[in-house]
Amino acid sequence: MKITNVRTVIAGNPWKNWLFALVETDEGITGVGEGTANYFTRTVEAAIHELRPMYIGQDPFQPALIVQRMTRDVYTDGGQIHRCAVAAIEIACLDIMGKATGRPVADVLGGRCHGKLRAYANGWYRGPRTPEGFAERSREVVGRGYTALKFDPFGAAWRVMDPADEALSVDIIAAVREAVGPHVDLLIEGHSRFSASTALRLAERMEPYHPAWFEEPVHHKDVLGTARVGHGTRIPIATGESLSSLEEVATVLHGGGIGILQPEPLNMGGLLAARQACAMAEAHGLVIAPHQAQGPVCTAACVQLSAACPNFYIQEIFDEFNVEWEQRIVTPPIRVTGGYIAIPEHPGLGLTLDLEEIARHPYQQTAYLPLFRAGWERRDPNVEAETH
């Protein structure tokens, strides 16, 4: 079997364009991949096509070799943008392998270790940044059956917070805890916002509300800061979504202080590298919670990755809280029932793209998540907000 062509399509989700790749073969099997990045959608798309000589004519059953050609052999490290382009092709190759053999991608990655996957909700807290607003919406999420939910209460904070804004953030956490009760996990998102000293103070203030983790409290490249925060609080530290190489994963693990690794298959350059990162975490006694804030193909890929990892902890889900038409651009979409995901047993990733539906939602240059702009949590690109 040989790869003969690749097509790319973009779905203009209002707060992040989703980039998909369809890899065609001479045996009529087409694999689906995804290369979504927060802002650089057209850039990643261009990289996918610029790298064509590295994968056209290659055997899709050799994804590790194809990845090597697309990374080592070009002798340039383009970071997350480069790796997202590589991931789009690699995931599509694994999809082709699964379709050709009649097996789900989890079997290609080593086999399924779990009967179902616990999920946590993200993207649910659109609306005003008030304790009352967050509490009301958190009750709705728990009402859907979720036993864990993640949120960023910190507004547009960067490095430090003024006393009033910090107090509001802690009040939001307290309100959500009161709203959902003691048996729901609260996952506090930091979005790489803080200095280590600010993160430690915040961790101390949120500790009475028993968060299950504090995610990316400092910048992901601040390995010493991550370790300092991790060793200075009893709240588990989660990180890893922004890492784009196994070398970066090794550095973070060596630095210590973390309890949960969150590899992002797209930023890592595909499922094979993400699976290796999960194994590295297992060797350090850590659990994994694959990051997924992209499109529905990445959701399906993450589900297959999580199913194949013995040290799986919990899977991030945005899909129920995105635009309603997301459920129509893939068939069948991943669904959460009672807070858990049933692992699909269809060949490959187990889904197909509806290109006609995608065409109804074109690329939008303004579609990205402006995490350092006041009001970003509303996820409404039509709302003007002041840059913080």
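Let's start inside helix 11. P296, V297, C298, T299, A300, A301, C302, V303, Q304, L305, S306 and A307 are buried there. One caution before going on: this is a predicted model.

Now its dimensions. Helix 11 runs through residues 296–307. From the first C-alpha to the last, the helix reaches 17 Å. At 1.5 Å a residue, 16 Å is expected, and the value here is close to that.

Next, helix 8, residues 223–232. Which residues are buried here? They are G225, T226, A227, V229 and G230. These buried residues pack against helix 7, at 196–206. They also pack against strand 8, at 237–239, and helix 9, at 246–255.

On to charges. Side chains of opposite charge can pair when their charged atoms come close. How many salt bridges does the structure hold? It holds 19. I'll walk through some examples.

Take E24 and R7. Their closest N and O atoms are 2.6 Å apart, and the two form a salt bridge. E24 sits in strand 2, residues 18–25, while R7 sits in strand 1, residues 3–11. The pair therefore ties together parts that are 17 residues apart in sequence. Is R7 buried or partly exposed? Its relative accessibility is 35%, so R7 counts as partly exposed.

Next pair: R72 and D73. This salt bridge has its closest N and O atoms 2.8 Å apart. R72 has 53% relative accessibility, so it counts as exposed. D73 has 36%, so it counts as partly exposed.

Last pair: K150 and E189. Here the closest N and O atoms of the salt bridge are 3.5 Å apart. This pair links distant parts of the chain. K150 belongs to strand 5, residues 148–151, and E189 to strand 6, residues 185–189. That puts the partners 39 residues apart. Are they buried or exposed? K150 is buried, and E189 is buried as well.

Which residues join K150 and E189 in one network? E215 and E316 do, through salt bridges that share partners.

To recap. Helix 8 packs its buried residues against helix 7, strand 8 and helix 9. And among the 19 salt bridges, K150 pairs with E189. Thanks, everyone.

How values were computed
Residues numbered from 1 in each chain as written. Predicted model: local features only at pLDDT ≥ 70, side-chain atom pairs only at ≥ 80, totals over all residues. Heavy atoms only, no water. Helix = DSSP H or I, 4+ residues; strand = E, 2+ residues; numbered from the N terminus. Expected span 1.5 Å × (residues − 1). Buried < 20%, exposed > 50% of the residue type's maximum accessible area, 1.4 Å probe, protein only. Contact = heavy atoms within 4.5 Å. Salt bridge = Lys/Arg side-chain N within 4 Å of Asp/Glu carboxyl O.
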